[in-house]
Amino acid sequence: MSESGTQLFARLEARRCLKDVEPRLFADDGGPDRGEVVEVYGPEGTGKTELLYHLLCRCVLPEAAGGLEVDVVFVDTDYSLDMFRLASVLDSRLNAGGSAGSDDAVLRLCLSRLLVVRCSSSSQLLLTLHFLETTLSSRPRAALLLIDSISAFYWSDRSEGGASVAKQEEKLSRCSELLGRLLRDYRITIFATCHPIRRGSNGPPSSSEADRSHLCRAWQRLVTHRLVCSRQEAQHNPANGDEGSGEQRNWQVFTVHCSSWTGTKGSRVSSFRVTDGGVEFIWTPRPPPDLSAVL
C-alpha cells in the first residue's frame, strides 16, 4: 500500500509522549511510552470508564489548564460514553485550571480534539481500525487511542466460532495485529478496558487473578502495563475536615493496582473517588521503614 509524502511525514513525526499522563497511577519510571498498551482490567462498577474520562480530559485540555493538548480517538464498543458527563468534567477542570473555563469556545476547542467511533461487533471494530490508519495520517497530533472495551465481543465471537478456539479468537487476533501495526507505524499510546469473564468479588483481586487474562495471546503480547481496578467499601468522609458542618457523605473508593513490564518493571497501588468534577485521587501515606530490621 503506497502513501503520499504528507502521510509519510505524519507517520514519522514524533507524537506527544504520554509517560506523564497521570503520575499517580504508574510507578516512578513513568507511564506508557509511545507504542505501548495499557489494559484497564476489572469488573463492572470499578471506575474503569471514569478513569478513561480522566485521562481523556488530561490529554485534550489546554496546557494553561494542566492539559497536554493532543488529539484522542475514543472507540466505544460498550456504548458507555456519556458526552454530557465528559463535558461536565472538562468544564470543571477548565475552571479549576484558572483558564477561561466558563467560555464555551474553550470547551468546544477541547472537544474538537476528540474523535468518537462506536462499534457494535468485532467486524465493525476491524473496519474501524483500518479506518484509523487514515485518521492518524491526517491528524499528527493524535497521540492516544482509548478502547472501551476490548473484551466487549468476547462471548459473541465465541458463539460464532463454534468449537474451534482459533475461530473464536480470529477476529480479536486480527484486531490485535492491526493495533500492533498502528503502534509500530504511528507510535501512539493505547488504553483499553477489559472485563473479567466471571463476576468476582468487589475486593482487591489476588495476584494470580490479576495476572490472568482470558483474551487471545495476540492481545496479551501487546500489553505492556496493566491497571487492575477494584471497589472498596464506601467510606464516611467529612468535607473539608469539618465533621460538624453537615457536609458529610459516603464516598465510594476505588483502588488501582498498576503493573508494568517495561522500564524498571515497577508496580504501584493508588486510590481514587469519583466526584462531580471527575476522578479525585486520594493520598495514602506510606508506612515508615522498619528500622529494627536494619539494626
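Reader: On what basis are residues numbered and features reported here?

Author: This is a predicted model, in which local features need pLDDT of at least 70, side-chain atom pairs count only at pLDDT 80 or more, and totals for chains, interfaces and linings use all residues. Side-chain values use heavy atoms, with hydrogens and water left out, and residues are numbered from 1 along each chain as its sequence is written.

Reader: How many helices and strands are in the protein chain, and what percentage of its residues count as buried?

Author: The chain has ten helices and eleven strands, where helices (H or I, at least four residues) and strands (E, at least two) are DSSP runs numbered from the N terminus. Buried means under 20% relative accessible area, exposed over 50%, and partly exposed in between (1.4 Å probe, protein chains only). Of the 295 residues, the share that counts as buried is 47%.

Reader: What is the strand order of the open sheet, and which are its edge strands?

Author: Two strands pair if DSSP finds at least two bridges between them. The open sheet has nine strands with mixed pairing, in the order β3-β2-β4-β5-β1-β6-β9-β10-β11. Each edge strand pairs on one side only; these strands are β3 (114–118) and β11 (278–282).

Reader: Which strands pair with β1, and in what sense?

Author: Strand β5 (residues 189–194) is joined to β1 over five bridges in the parallel sense, and V38 has F191 in β5 as its bridge partner. E39 stands opposite R226 in β6. Five bridges also join β1 to strand β6 (residues 223–231), and these two run parallel.

Reader: Is β1 covered on one face or on both?

Author: Five of the five residues of β1 (residues 37–41) are buried. V37, E39 and Y41 lie on one side, and V38 and V40 on the other. As these residues are all buried, the covered faces are both.

Reader: How many bridges pair β2 with β4?

Author: Strand β2 (residues 71–76) and strand β4 (residues 142–148) pair in the parallel sense. Within this pairing, F74 stands opposite L146 in β4. The number of bridges is six.

Reader: Is V72 buried or exposed, and which residues does V72 touch?

Author: V72 lies in strand β2 and, at 1% relative accessibility, counts as buried. C59 is 13 residues from V72 in sequence and 7.3 Å away in space, C-alpha to C-alpha. Contact means heavy atoms within 4.5 Å. Not counting residues up to four places away in sequence, V72 touches L56, C59, V60, R113, L114, L115, L144 and L146.

Reader: How are α5 and α7 oriented to each other?

Author: Axes are lines fitted to C-alpha atoms, for helices over the stretch in contact, and angles run from 0 to 180 degrees between N-to-C directions. The axes of α5 (residues 122–138) and α7 (residues 165–186) come within 9 Å and cross at roughly 10 degrees. Angles under 35 degrees count as roughly parallel, over 145 as roughly antiparallel, 65 to 115 as roughly perpendicular and the rest as oblique. The two helices, α5 and α7, are therefore roughly parallel.

Reader: Where is Q168 found, and what is its relative accessibility?

Author: Q168 is found in helix α7. Not counting residues up to four places away in sequence, Q168 touches D157, R158, G161, G162 and A163. Q168 counts as buried, at a relative accessibility of 14%.

Reader: What is the phi of E69, and what is that of Y79?

Author: E69 is found in the loop between α2 (48–60) and β2 and is partly exposed, with a relative accessible area of 23%. Y79 lies in the loop between β2 and α3 (83–96). Neither is a glycine, and phi is positive in each. For E69 the value is near 55 degrees, and for Y79 about 55 degrees.
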